[in-house]
Amino acid sequence: MAKLNQPTTSGRSTSRKRKTGRRSPLATFALIAIGLGLTGGVYAAANATPSASADTASSTQQQVSDGEHLFQANCASCHGMNAVGTAAAPSLIGVGAAAVDFQVGTGRMPMAMDGPQAEEKTPQFTDAQTKELAAYVASLAPGPAIPDAQYLTGNTDAAAGAQLFRINCAMCHNVAGAGGALTEGKFAPPLKGVTPAHIYEAMLTGPQNMPVFNDRNITPEQKSDIISYLTYLEKNPSPGGFALGDLGPVAEGLFLWIFGLGSIVGLAVWITAKSN
Amino acid sequence: MTTETAIAETPRIKRDGFFGQAANYLDERTSISGVVKEFGRKIFPDHWSFLLGEVALYSFIVILLTGTFLTFFFQASMAEVVYNGAWVPLKGIQMSAALDSTLHISFDIRGGLLMRQIHHWAALLFVASIGLHMLRIFFTGAFRKPRELNWVIGFTLFVLAMAEGFTGYSLPDDLLSGNGLRIISGMIEGIPLVGTWINFLLFGGAYPGTAIVGRLYTLHILLLPAFVLAFIALHLVFVVVHKHTQFAGAGRTQQNVVGYPILPVYAGKAGGFFFIVFGVIVLMASLFTINPVWEYGPYDPSPISAGTQPDWYIGFADGMLRLMPPHLETYWFHRTWSWFIIIPLVILVVFIVLVAIYPFIEAWVTGDKREHHILDRPRNAATRTAIGAAGVTFYAAMWAAASGDLIATHFKFSIEGVTHTIQTALIVGPIIAYFVTKRVCIALQKKDRAIALHGYESGRIVRLPGGEFIEVHQPVDEYQRWELVSNEGYAPLVVRPDSRGRITAGTRFRAAMSRWFFEDRLAPLTQTEIEAAQHHGHGDAPAVEGGSH
């Protein structure tokens with residue numbers, strides 16, 4: 001809403017100028033600027049998620065310019081000098097700080113090589129550098145911001161989170177977050193060991209093949225519940241013993257045939273060999 | 001120490017002691033001594049693979065024991081309740097009483113989770129050991145006359161065990177089992193004309209309804225176990241009637257059984273082996289999670305988890321469905337014909353029926369009417385072994401397809417690539433397996449024959465006076481030779497006119513099948529050949545052996 005107000009006030013000032021009967025030479029430019037600003041503002045407000053408003057508040061000018069240098073040195077070859085995208089990579093205008101923090105913070109970007117999807121690896125940048133890059137990309141256009149720490153505590157309603165997870169996430173990531181296959185060599189990665197911030201950012205920005213779960217679809221509180229469920233699973237190992245990768249009946253069957261039946265056959269050989 | 005062992009070695013039960021009197025009391029009233037004498041002296045030959053059926057029996061006993069425990073606490077009801085137990089991520093969630101009681105067993109009943117896990121691991125072992133037992137029977141030809149019917153009984157047990165497993169898997173009404181049930185329901189609906197109505201009958205209306213858990217429970221704890229018990233009894237009666245088969249060896253004939261009597265040796269061993277099997281199952285159950293229903297959560301038709309698979313023994317059916325190309329569907333006579341369900345169902349039924357009736361097919365093809373109590377070594381029945389290998393490959397392809405998504409993620413393949421590879425393997429694999437196995441078997445037969453006639457390669461190289469280098473062959477001893485040469489041969493059927501002098505198409509077909517079955521067979525060594533080889537072996541073994549190679 002804050003964005004919508006600004007153009008309206010400046011609109012009033014132009015009408016005051018018109019009363020004087022004289023047009024400044026800059027009026028045309030001002031009108032165009034206002035028109036563009038208004039359209040852009042409405043468009044941005046209609047598209048951006050509510051959390052987008054708090055955007056660049058925490059980033060300083062220093063971070064933005066440092067981020068720009070990092071961007072030009074490491075990202076621009078694919079994403080273009082002003083992050084407008086090239087044939088090799090998409091534009092980053094409006095992806096927001098959350099997307100950058102996720103992609104760079106998990107090591108997915110910069111990509112090591114082309115493949116079905118960017119794979120997680122050891123991050124190339126330090127946390128501070130990642131934040132600078134995020135600040136730079138966020139400064140280009142409004143977009144989803146890095147989530148507030150209040151949603152990342154991992155001790156909200158795990159039961160509600162589990163239910164949301166089963167309905168929205170389990171079909172790709174598996175009920176226990178063990179991951180799963182997608183088409184053409186793509187996959188939904190396992191969620192063990194992913195930081196709460198990255199889980200939140202993934203839901204918000206929909207990296208790779210993941211759909212976007214914006215704040216109207218799953219509210220920040222609900223995202224926080226989902227994080228709590230995953231945190232709970234991670235902190236509480238399976239009550240039944242070793243979990244065999246949480247992969248379900250395939251892992252159980254393999255284990256049974258190889259180790260279960262294997263040891264039974266071994267013991268049968270032993271018990272029959274003894275007498276001879 | 002010495003005195004103790006001395007006492008243990010001479011168990012002196014006095015006739016007028018407590019045991020003597022008790023035994024006498026029982027015998028005078030039941031005449032049981034005749035039965036004990038008869039059964040106590042029954043002989044069982046000793047080979048590890050003869051214990052696989054026992055593993056199945058023992059795991060079934062473990063299943064019965066733990067299953068009884070579980071029935072005390074499980075509620076087979078789909079009434080909706082709100083969970084308020086110990087597992088935090090499900091607190092306050094609506095679920096059926098079935099899942100609620102399963103969670104209650106897992107977290108609140110002392111030893112409940114262990115019992116559940118023993119029950120489930122034992123179930124997996126039960127079906128697996130039946131499968132391995134069947135493979136042993138197949139590849140050693142133990143299903144031949146007079147045991148064809150017992151093969152069918154055992155096969156029925158295998159199907160019953162799968163049914164037991166699937167009904168049990170579906171009982172907790174968690175997300176995983178609900179997804180499995182939905183697939184079965186979809187397969188039933190895909191049967192032309194009657195499918196929808198059978199589905200209504202099974203579920204008491206539209207899927208999922210509120211009746212299915214109760215119905216499966218009745219099947220799982222009453223009807224199916226009764227059938228399994230009856231068929232096990234029948235199976236064992238036949239084992240007693242036919243006596244156990246044995247591998248060829250010195251002193252073993254079609255008329256005798258060489259091994260240990262049930263009492264005391266075999267009963268002791270078998271009893272001990274029961275506790276070994278029980279121990280292995282409990283060890284697995286106490287260390288490894290199985291079917292964590294608390295992770296799957298309550299069933300709801302909308303969510304489904306990635307990596308949803310049935311337990312391993314239903315995997316081949318699931319895999320066959322996954323291997324079917326999509327969109328095979330036609331609309332004829334105002335009905336949808338779902339070929340992607342009908343075709344897999346037909347393939348599965350044909351495959352299973354072929355397994356069930358294989359003994360009769362082979363008997364018809366070979367025309368062999370003799371009784372067989374000596375087992376074949378797999379290599380000596382090359383065509384059967386090759387058919388078995390082809391069947392195993394076919395099954396393995398279907399089985400692997402059920403875990404295609406996990407193969408793709410864990411080995412970094414694309415899932416389409418995995419599916420297409422397995423589709424190819426399903427068709428090409430059995431053919432390759434057939435020919436490779438057949439050739440390997442024949443090669444092994446030739447190797448056996450060479451060893452029986454000429455002895456082992458000793459690795460000792462000798463230079464003859466003439467300058468020639470030869471390897472010395474060591475003759476095998478009598479016992480080994482017996483094992484190597486004791487396969488019995490059988491010739492293919494020939495086309496003969498029937499009593500009215502006609503040669504029917506059926507006869508020709510049968511003869512053709514028989515020729516194919518015995519193609520490239522090696523006739524067994526005759527006594528004369530063996531003696532001749534032995535004879536010249538004793539004379540100038542090294543020189544001539546070397547010369548002939």
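**Helix packing and its surroundings**

Mentor: The crossing of H7(B) with H10(B) is left-handed, and it should be read as part of a predicted model. In chain B, H7 covers residues 148-170 and H10 covers residues 212-242. Their axes lie 9 Å apart and form an angle of about 160 degrees. Because angles over 145 degrees count as roughly antiparallel, H7(B) is described as roughly antiparallel to H10(B). Sorted by class, the residues in the contact of H7(B) with H10(B) comprise 15 nonpolar, 8 polar and 1 charged.

A second pair, in chain A, may be set beside this one. Helix H9 of chain A spans residues 196-205 and helix H10 of chain A spans residues 220-235; they pack at about 135 degrees, with 10 Å between their axes. The angle therefore makes H9(A) oblique to H10(A). The crossing of H9(A) and H10(A) is right-handed. On the H9(A) side, the contact is formed by A:Pro196, A:Ile199, A:Tyr200, A:Met203 and A:Leu204. H10(A) contributes A:Pro220, A:Lys223, A:Ile226, A:Ile227 and A:Leu230 to that contact. By class, the contact of H9(A) with H10(A) holds 9 nonpolar residues, no polar residues and 1 charged residue.

The loop between H9 and H10 of chain A contains A:Gln208. Most residues other than glycine have a negative phi, and most peptide bonds are trans.

The bond from A:Met109 to A:Pro110 is cis, with omega near -5 degrees. A:Pro110 belongs to the loop that lies between helix H5 (96-105) and helix H6 (127-140) of chain A. In chain B, the bond from B:Leu263 to B:Pro264 is cis, with omega near -5 degrees. B:Pro264 is located within helix H11 of chain B, which covers residues 262-287.

The wider setting is the interface of the two chains. There, 55 residues of chain A contact 64 residues of chain B. The two chains bury about 4,900 Å² between them, and 72% of this area is on carbon and sulfur atoms. A:Arg166, A:Trp257 and A:Ile264 account for 13% of the area that chain A buries against chain B, more than any other three residues. Between chain A and chain B the count is 1 salt bridge. A salt bridge joins the side chains of B:Lys412 and A:Glu119, at 3.6 Å from N to O.

Methods: Residues are numbered from 1 along each chain as its sequence is written. Chains are lettered from A and ligands numbered from 1 in the order in which they are written. This is a predicted model: local features need pLDDT of at least 70, side-chain atom pairs count only at pLDDT 80 or more; totals for chains, interfaces and linings use all residues. Side-chain values use heavy atoms; hydrogens and water are left out. Axes are lines fitted to C-alpha atoms, for helices over the stretch in contact, and angles run from 0 to 180 degrees between N-to-C directions. Helices (H or I, at least four residues) and strands (E, at least two) are DSSP runs, numbered from the N terminus. Angles under 35 degrees count as roughly parallel, over 145 as roughly antiparallel, 65 to 115 as roughly perpendicular and the rest as oblique. A crossing is left-handed if the near helix is turned anticlockwise from the far one by less than a right angle, and right-handed if clockwise. Ala, Val, Leu, Ile, Met, Phe, Trp, Tyr, Cys and Pro count as nonpolar, Asp, Glu, Lys and Arg as charged, and the others, Gly among them, as polar. Contact means heavy atoms within 4.5 Å. Buried area is the accessible area (1.4 Å probe) that two parts lose on being put together, summed over both. A salt bridge is a side-chain nitrogen of Lys or Arg within 4 Å of a carboxyl oxygen of Asp or Glu.
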